[in-house]
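Please view the sequence and the structure before reading on.

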Amino acid sequence: MFPAVRDWSEAMMTSLAGGLAMFFAAIPKVIAFAVILIVGWFIANLIAGLAARLLRAIRFNDLSERSGFTKFVQNIGVQTDPAGFLGMVAKWFMRLIVLVVAFDALGLPAVSDVLRQLLLWLPNLAVGIVVLVIGGLLANAAAGVVRGATTSAGFAHPDLLANAARAAVWIFAIIVAVNQLGIAQTLVNTLFMGAVALVVLALGLSFGLGGREVAGKVLNKWYAEAKSAAPKIAQAGEEAGEQTGGGAPARGYSEEEKGK
């Protein structure tokens, strides 16, 4: 049973005094929260600007253009260059740190704990971006090597093979980046292994069911080319032997030489 309220005015005054005491006690925390936010926001903007200028000075945008990272930045709808994008990422990283400190000062540890978990995940995001940049560079390099090799070898479709090599490197880089971010690691790995198994099975079935005649024709063509090139190879070997033997090859004696 609650005690009966005999003096309503006294109860209201007591409640009002308690509320005012809590309000005035929270004013320093609110002021500290606002000051930390304002100063932290200013410092974060300053660091972001300096980081973007430094990246532009070391020609990071050229590297991003070659790796394909510039297209990634454009596709996500950011109205800035790759250096500005990384500067923006650094700015929000600093702002999250400021928010953690500000909410601690305000006395809300639950919000600070959530922000701390996000801060612990951001380094994985940075590593994932670096993996994608390096993967883009390797993909373009692999495509160039494959295109040059296939063109020199006389293949009919060097661009197709170069694009296949680029796609393979990109897929591997994306899988590494996703695993680093910790996003559905088991699902991504399972899908990748299933896709590889499906490609191998499809190639095996296509060769076994419909490619036997094609394979036979290719082998016959190779055999005919090797057979026609055999005399040339033998002649080249004899010429090489003459050049390394130190003189003319040995010959038999004639009938007149034998009589002597």
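Ala, Val, Leu, Ile, Met, Phe, Trp, Tyr, Cys and Pro count as nonpolar, Asp, Glu, Lys and Arg as charged, and the others, Gly among them, as polar. With these classes, the lining of the largest pocket can be sorted: it has 15 nonpolar, no polar and no charged residues. The model is a predicted one.

**The largest pocket**

The volume of the largest pocket is about 280 Å³. Its lining consists of 15 residues, and those nearest the centre are Leu-86, Leu-125, Ala-126, Ile-129 and Val-130. Which helices each supply at least two residues of this lining? They are α2 (60–67), α4 (82–106) and α5 (109–153). The largest share comes from α5, with 8 residues.

**The whole protein**

The secondary structure of the protein consists of 9 helices and 0 strands. Along the sequence, this gives the pattern α-α-α-α-α-α-α-α-α.

Some totals for the protein are set out below.

| Property | Value |
|---|---|
| Residues counted as buried, of the 260 residues | 18% |
| Contacts with a separation of 6 or more that join residues 24 or more positions apart | 55% |
| Accessible surface | about 18900 Å² |
| Part of the accessible surface that belongs to carbon and sulfur atoms | 70% |

To return to the pocket, the 8 lining residues from α5 belong to a lining in which no polar and no charged residues occur.

Technical notes. Residues are numbered from 1 along each chain as its sequence is written. This is a predicted model: local features need pLDDT of at least 70, side-chain atom pairs count only at pLDDT 80 or more; totals for chains, interfaces and linings use all residues. Side-chain values use heavy atoms; hydrogens and water are left out. On a 1 Å grid over the protein atoms alone, a cavity is a set of points where a 1.4 Å probe fits but cannot get out, and a pocket is an open set with protein on both sides within 12 Å along at least five of seven lines; lining residues have an atom within 4 Å of a point. Grid points are joined across faces, edges and corners, and a volume is the space filled by probe spheres set on the points. Helices (H or I, at least four residues) and strands (E, at least two) are DSSP runs, numbered from the N terminus. Buried means under 20% relative accessible area, exposed over 50%, partly exposed in between (1.4 Å probe, protein chains only). Contact means heavy atoms within 4.5 Å. Accessible areas come from the Shrake-Rupley method with a 1.4 Å probe; for residues, only the protein chains shown count as cover.
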